[in-house]
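Open the model in your viewer and follow the stops below. Each one says what to select and what is there.

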Amino acid sequence: MPKLSLDDIISGVNEIPALPHVVVTVMQMTEDPNSTVQDINNALNKDQAMTARVLRLANSAFYGFARRIGSVTEAVVFLGFKTIRGIVLAAAVSDIMNRKLDGYALEKGELWKHSQACAIAARTIARRAKYSNIDLAFTVGLLHDIGKLILNQTLKEAYIEVVEKVENEDKTFLQAEDEVLGFNHAIVGGKIVEKWKLPNQLVEAILYHHEPDLAPNDKALVAIVHIADVLCVSLGIGIGIDGMLYQLHSDCLSILGLNEEDFDEIASELTDLYADL
């Protein structure tokens with residue numbers, strides 16, 4: 001099968017819609033120290049569908065908030081600007097990430113479930129490692145596999161070849177994607193979040209989440225999302241055909257000042273959480 005060209009990838013990325021204007025506005029507001037709760041409330045309330053999604057997610061068991069949230073104002077006051085930014089972004093991508101992905105053998109809703117679980121795991125690991133930006137870790141966990149949406153159709157036609165390379169040639173799934181398709185889902189994911197003008201830290205973490213040793217800058221953030229992804233795969237959450245083929249890069253723990261005991265405790269905490277969900 002011929003490799004995809006960069007133009008093919010860009011064309012595929014263009015099939016992913018731009019972030020809704022209200023989302024971009026709210027994300028800018030949450031970065032602006034002069035913004036008020038009322039500013040965010042007014043912006044979100046211009047899009048009732050987005051408001052409904054935000055409130056549904058804010059009250060979802062996946063996010064683990066202790067009280068019922070009934071309005072945007074209450075959500076912003078109770079959760080804070082940084083957390084509401086992550087929830088607004090999650091609300092924006094929930095529809096496109098809820099699709100069935102035949103190319104990765106993911107049923108409808110499985111990628112979205114895995115992405116939410118990975119976001120929660122990343123937040124948990126970041127807090128444990130005392131990483132400076134817990135909400136950024138949450139966002140990377142949420143978006144780390146978004147490149148699969150673009151490669152899905154092509155992979156559906158070639159996944160047998162990809163899997164055979166993994167099984168017979170001792171290659172990782174990412175290496176097999178590169179060889180068969182010309183690109184891998186991490187590279188394409190980076191293209192998508194670049195299109196959305198999200199922070200470079202986030203682009204890097206998505207790009208290297210399977211190859212954390214190659215990350216040039218924020219190695220801690222990349223390590224967080226890598227460990228979160230491996231944990232969710234080990235728990236069987238939205239793994240598809242490639243899930244069990246990923247292995248933990250052990251140096252990620254030391255980068256974060258964690259050890260195997262920390263890893264086991266985090267895994268136990270997340271197992272209990274997901275069991276409750």
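This is a predicted model: local features need pLDDT of at least 70, side-chain atom pairs count only at pLDDT 80 or more; totals for chains, interfaces and linings use all residues.

Residues are numbered from 1 along each chain as its sequence is written, and side-chain values use heavy atoms, with hydrogens and water left out.

Switch to cartoon. The chain has 15 helices and zero strands (DSSP runs numbered from the N terminus: H or I of at least four residues for helices, E of at least two for strands). Of the 277 residues, 54% are buried (under 20% relative accessible area, 1.4 Å probe, protein chains only).

Next, select residues 21-31, helix α2, and residues 37-44, helix α3. Their axes, lines fitted to C-alpha atoms over the stretch in contact, come within 9 Å and cross at roughly 175°, on a scale from 0 to 180 degrees between N-to-C directions. The two helices are therefore roughly antiparallel (angles over 145 degrees). Show side chains for V22, T25, V26, M29 and T30 of α2 and for D39, I40, A43 and L44 of α3, which make the contact (heavy atoms within 4.5 Å).

Stay on α3 and pick N41. Is N41 buried or exposed? At 10% relative accessibility, N41 counts as buried. Beyond neighbours within four places in sequence, N41 contacts V72 and T73. Its side chain makes a polar contact with the T73 side chain at 3.3 Å (N or O atoms within 3.5 Å, one able to donate a hydrogen and the other to accept it; residues adjacent in sequence count only if both atoms are side-chain atoms).

Methods
Angles under 35 degrees count as roughly parallel, over 145 as roughly antiparallel, 65 to 115 as roughly perpendicular and the rest as oblique. Buried means under 20% relative accessible area, exposed over 50%, partly exposed in between (1.4 Å probe, protein chains only).
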